[in-house]
Amino acid sequence: AMADCDENAMSSRCRSGGEGTTRGSAEYLPLDEPFHANLRDRAANGQYANLYFARLAKLRPAVQQQMAAKWGLSEARLREMQSKTLDVPEEAECIVLGTFYAEMKLKPNVLEEYTRDPLAAAAPVPDKYCGPGDKLIIEDETGRLVISGALVTQAKLVTGVVLAVRGQLDPATSIFAVNDICIADMSAQPPLPASVTLTESEAEPRPTDHYLALVSGLNVGAEGDGEHMLALQLLCDYLSANVGGGEELGLQRQIVRLVVCGNSLAIDGDKPTGAEALRPMKAKQQRTLANSLQAFEAILLPVAASMPIDLMPGITDPSNLNLPQQPFHHCLLPLLARHASFTSVPNPHCFELGGLRMLGTSGQPVSDAHKYHETEDAVDTLESMLRWRHLAPTAPDTLPCFPYAMADPFILNETPHLLFAGNQSRYGTRLAKGADGQKVRLVAVPDFSKTRIAVLVNLRTLRCHPLCFQGYGH
């Protein structure tokens, strides 16, 4: 049956997911154009300051609109109170609009990678960048201003967030004391399809409901982990509708698409960064990568024969380090690339499925944002990103990305119906609500190699159903 599934056609048997039964389907529309980096975006001599200026210019009107609504200020009064960082009056209340920056002593210094002794061991990268003595700063086109206040700390801001702060300057310390803050909040959202209902009374799943499957951290190629490979095989058999019966088999056949959210391949140790990442791979590393790719392809081929798959790259996968990560090259997975149902997509990945707008990453923006604060909650961070209107605010400061000059592709011009992040330490979900009626299902997709959990999303109710593939020892 697999031999009939070439790049031009797929037999009904291939798409059935089981003998004699057709798998459900949903209309799919890729929307990844902003995340396909061209040669200009990849230019090594680009200046990252342009990206911050483009972000500030794009989000300034949205923040100003929220300022007027939140603080009840007229347009004239708003202009009167606003001030640039270098023109803040002393002991008079004013508003400063700019980009937040956290000056942290524990943050790695990229220049040290190139100035240190090449024979000396690299300093370990701390799990957290935050610590005592950190400075909180707001900057605009004219300069920087140190800010302080309980509200700023409680907001759990990260570098790159565009916001407005209201308060006054202390002339003795030259620190701006903040008494209130304002962010862009959620952008407009496309209307929900008529078939979708988010009410509690309609929450019970129906036999005709369709599902999206999300999984991350497959970690194929890890040595000596037979239990993990067994869980992987069970996952693929489940998605292919080759296990179970009755209602369970009916549910499996209603899974209309699988999105693999990065970190599909295992690596030995930590992935190199900075100057180390630019060095050619050693022969042993190349052989290990080739073996991992072949094993990954063998695992995913039966699934691709029964349902559509979107494959996103992650931090451990053979793709560029900078965001947006570009799709797997078809030469890396030649057998999968022949399937019309297989699509190699960038990270971040945006698409419509069944009329629902969906957006997600392989988890790097969320994981990097967690380094700015002691507490970690992926769902909270996803909701904050929605309200900041930005998918990767810490890029390019502590999260590598391409030096975009004219526009910031990570700005959330529209609010999706589903926002997900892969490779998180645990599963989590929440329905976030905006001031203008926006409703967004947030999903933290756990690392499968550590949790054995995949996630199903009901396309009618946007409710999530975790699938656990634990072994006997758990």
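**Close-up views of a predicted model**

**View 1. Arg55 and Asp408 form a salt bridge, with their closest N and O atoms 2.7 Å apart.** The two residues tie together parts that are 353 residues apart in sequence, because Arg55 lies in helix 1 (residues 49-71) and Asp408 in the loop between helix 10 (378-388) and strand 13 (418-424). A salt bridge here is a side-chain nitrogen of Lys or Arg within 4 Å of a carboxyl oxygen of Asp or Glu. Helices (H or I, at least four residues) and strands (E, at least two) are DSSP runs, numbered from the N terminus. Both Arg55 and Asp408 are buried; buried means under 20% relative accessible area, exposed over 50%, and partly exposed in between (1.4 Å probe, protein chains only). This is a predicted model, in which local features need pLDDT of at least 70 and side-chain atom pairs count only at pLDDT 80 or more, while totals for chains, interfaces and linings use all residues. Residues are numbered from 1 along each chain as its sequence is written, and side-chain values use heavy atoms, with hydrogens and water left out.

**View 2. Lys107 pairs with Asp397 in a salt bridge whose closest N and O atoms are 3.1 Å apart.** Distant parts of the chain are linked by this pair: Lys107 sits in the loop between strand 2 (94-103) and helix 3 (112-115), and Asp397 in the loop between helix 10 and strand 13, 290 residues apart. Lys107 has a relative accessible area of 18% and is therefore buried. Asp397, at 26% relative accessibility, counts as partly exposed.

**View 3. A salt bridge joins the side chains of Arg460 and Asp209 (2.7 Å, N to O).** Arg460 belongs to the loop between strand 16 (453-458) and strand 17 (464-468), and Asp209 to the loop between strand 6 (175-183) and strand 7 (211-215), so the pair ties together parts 251 residues apart in sequence. Arg460 counts as buried at 9% relative accessibility, and Asp209 is buried at 3%.

View 4. In the whole structure, a search finds 18 salt bridges.

**View 5. Helix 5 covers residues 226-239, and its end C-alpha atoms are 20 Å apart.** This agrees with the 20 Å that its 14 residues should span at 1.5 Å a residue; the expected span is 1.5 Å times one less than the number of residues. Buried residues in helix 5 are His228, Ala231, Leu232, Leu235, Cys236, Tyr238 and Leu239. Seen down the helix axis, the buried residues of helix 5 fall within an arc of 160 degrees, so they line one face; the arc is that of the directions from the helix axis to the C-beta atoms. Just after helix 5, Ala241 has a positive phi of about 60 degrees.
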